[in-house]
Amino acid sequence: NERESRGYRWMKPGNIQGGMFMIPSPRHRNRHVALEILRSNAKVTPEIKDGSILIKIDVTGEGNFYEQNSSDQLLTPQGIKDMEKMADQVIAADIRAAISRAQESQSDIFGWGKLINDHYPESWRTMQKNWSDIFPTVESRVKVDFSIRRTYLFQKSFRVQ
């Protein structure tokens with residue numbers, strides 16, 4: 001679905017540019033804020049300890065405040081911090097949704113097997129035959145840091161009467 005596709009895109013190693021996504025407004029959860037993605041970068045690394053596999057996903061990104069569907073004054077230092085925190089949560093949830101769907105489907109669409117082979121070739125040789133059974137049990141840790149750089153608003157929002 002759309003959310004899982006966005007999560008897959010956020011996880012794609014290397015730089016991505018462009019796009020929009022919505023976050024709940026920090027002031028009213030039933031209202032939304034649109035953010036424009038300027039750029040983001042994902043670093044995906046495997047870690048094997050005591051026979052268990054952990055995939056670390058670190059995403060950094062930056063974007064612009066694009067619009068909101070409320071008249072709340074969000075463009076304050078605290079409001080921007082709150083929106084950045086909300087963006088981190090939304091992006092991480094999208095990534096987790098993509099991982100969940102792929103593991104449910106037993107489909108390593110992320111290339112985690114190749115990553116393990118690149119970083120731990122000895123371990124990969126022993127697990128390669130059973131990767132379709134192992135992949136759904138692989139744990140992941142998602143860390144996101146999204147920063148808002150600019151806004152397209154020049155004044156505070158107005159209230160429609």
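Reader: Let's start with I80: at 26% relative accessibility, what does I80 count as?
Author: This is a predicted model, where local features need pLDDT of at least 70, side-chain atom pairs count only at pLDDT 80 or more, and totals for chains, interfaces and linings use all residues. Residues are numbered from 1 along each chain as its sequence is written, and side-chain values use heavy atoms, with hydrogens and water left out. Buried means under 20% relative accessible area and exposed over 50%, with partly exposed in between (1.4 Å probe, protein chains only). At 26%, I80 therefore counts as partly exposed.

Reader: And which residues does I80 touch, leaving out those up to four places away in sequence?
Author: I80 sits in helix α2, residues 77–104; helices here are DSSP runs of H or I with at least four residues, strands are runs of E with at least two, and both are numbered from the N terminus. A contact means heavy atoms within 4.5 Å. On that basis, I80 touches L74, L75 and I148.

Reader: How far apart are the C-alpha atoms of I80 and I16?
Author: Along the chain, I80 and I16 are 64 residues apart.

Reader: Why does N64 count as buried?
Author: N64 is part of strand β4, residues 52–68. Its contacts, not counting residues up to four places away in sequence, include A34, L38, I148 and Y152. N64 counts as buried because its relative accessibility is 3%.

Reader: Where do the buried residues of α3 lie, seen down the axis?
Author: In α3, residues 112–119, the buried ones are W112, G113, L115 and I116. Seen down the axis, they fall within an arc of 160° (taken over the directions from the helix axis to the C-beta atoms), so they line one face of the helix.

Reader: What share of the contacts with a separation of 6 or more comes from residues 24 or more positions apart?
Author: The chain has 161 residues, and 39% of them count as buried. Its C-alpha trace spans about 65 × 25 × 25 Å along the principal axes. Among contacts with a separation of 6 or more, the share from residues 24 or more positions apart is 70%.
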